[in-house]
Amino acid sequence: MLDPRFAAVDARLEGVDRILAVTGGKGGIGKSFVASTLAAILGGNGRRVGLLDLDFTSPSDHVILGFETGVPSEEFGIDPHVHQGVHTMSIAHFAGDAPAPLRGDDVTNALLELLAITNWGALDTLVIDMPPGLGDAALDTIRLLGRAEYLVVAQPSKVVLESVRRAMGLLRSIEAPMLGVVENMQRKDTAAVDAVAKAFDLPVLGRLPYDEAVEDALGDVPRLLETQPAMALRDVAQSLGL
């Protein structure tokens with residue numbers, strides 16, 4: 001029997017013009033920073049934007065943007081919190097600081113439930129902070145969000161780039177649209193990220209410089225948007241027509 005939540009997911013996303021999934025195939029590369037900051041930039045520009053944090057093990061979008069994690073209001077579904085112009089949804093709204101040790105079918109059920117009950121309404125862009133890695137959560141997200149476009153975050157580290165290659169290879173194998181690559185925390189000139197992007201015939205859309213001011217700006221959106229990486233992300237948003 002077909003799970004009715006699959007149809008509910010499509011219905012919840014009917015009013016969303018574009019779904020932008022920020023990925024990288026690995027945790028700790030700044031994927032959440034890019035997704036959260038990009039959403040804040042769009043919200044500050046007056047765009048109707050949502051931010052969905054699908055990292056169930058270590059959600060961090062609420063830390064980056066400083067939004068509260070209380071249980072959202074509910075009427076015919078769950079209404080996202082609105083913070084600094086961004087409609088937010090995260091497992092942290094329900095679990096708070098407690099861990100959510102999900103495995104196997106529980107991951108799929110939690111993901112499906114979150115997508116099926118969230119009232120996004122009319123949005124120009126829904127930014128997805130993809131689950132790290134290529135496990136059940138990431139694969140289910142790719143399957144459920146069939147019209148998502150992917151923005152790949154990379155760093156010049158050999159370890160990171162190996163994971164990025166695998167993630168990009170998976171997306172290419174299923175013909176998922178990849179918009180390009182963003183190099184995060186750039187400290188010096190490097191050709192490594194360029195080489196990976198070229199191998200997949202993708203552009204490097206931007207390079208976010210390492211900025212020590214970011215750590216102190218976390219949780220404070222106006223300060224965050226004044227950092228050097230945020231300035232670089234503005235150009236990325238413009239190049240993507242967001």
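Predicted model: local features only at pLDDT ≥ 70, side-chain atom pairs only at ≥ 80, totals over all residues.
Which residues are buried in helix α6 (residues 136-144)?

View 1. Residues are numbered from 1 along each chain as its sequence is written, and side-chain values use heavy atoms, with hydrogens and water left out. In α6, the buried ones are Ala137, Ala138, Asp140, Thr141, Ile142 and Leu144 (buried is under 20% relative accessible area, exposed over 50%, partly exposed in between, with a 1.4 Å probe and protein chains only). They pack against α1 (4-12), α5 (105-117), β6 (149-154) and α7. Helices (H or I, at least four residues) and strands (E, at least two) are DSSP runs, numbered from the N terminus.

**View 2. Helix α7 beside helix α8.** Helices α7 (residues 158-173) and α8 (residues 192-199) pack at about 15 degrees, their axes 11 Å apart; axes are lines fitted to C-alpha atoms, for helices over the stretch in contact, and angles run from 0 to 180 degrees between N-to-C directions. From α7, Leu161, Val164, Arg165 and Met168 make the contact, meeting Ala192, Val193 and Val196 of α8 (contact means heavy atoms within 4.5 Å). Six of these residues are nonpolar, none polar and one charged; Ala, Val, Leu, Ile, Met, Phe, Trp, Tyr, Cys and Pro count as nonpolar, Asp, Glu, Lys and Arg as charged, and the others, Gly among them, as polar.

**View 3. Arg165 up close.** Arg165 sits in helix α7 and is partly exposed, with a relative accessible area of 39%. Leaving out residues up to four places away in sequence, Arg165 touches Val196 and Phe200.

**View 4. The largest nonpolar core.** This core has 76 residues, and Leu52, Ile128, Tyr150 and Met168 have the most contacts inside it (a nonpolar core is a set of buried Ala, Val, Leu, Ile, Met, Phe, Trp, Tyr and Cys residues joined through side-chain atoms within 4.5 Å). Helix α2 (residues 31-44) gives the most to this core, with eight residues. Setting aside neighbours within four places in sequence, Ile128 contacts Ile19, Leu20, Ala21, Val22, Leu52, Leu54 and Leu145.

View 5. Glu175 isn't a glycine, yet has a positive phi of about 60 degrees. Glu175 lies in the loop between α7 and β7 (178-186) and is exposed, at 73% relative accessible area. Met185, not a glycine either, has a positive phi of about 55 degrees. Met185 belongs to strand β7 and is partly exposed, at 36%.
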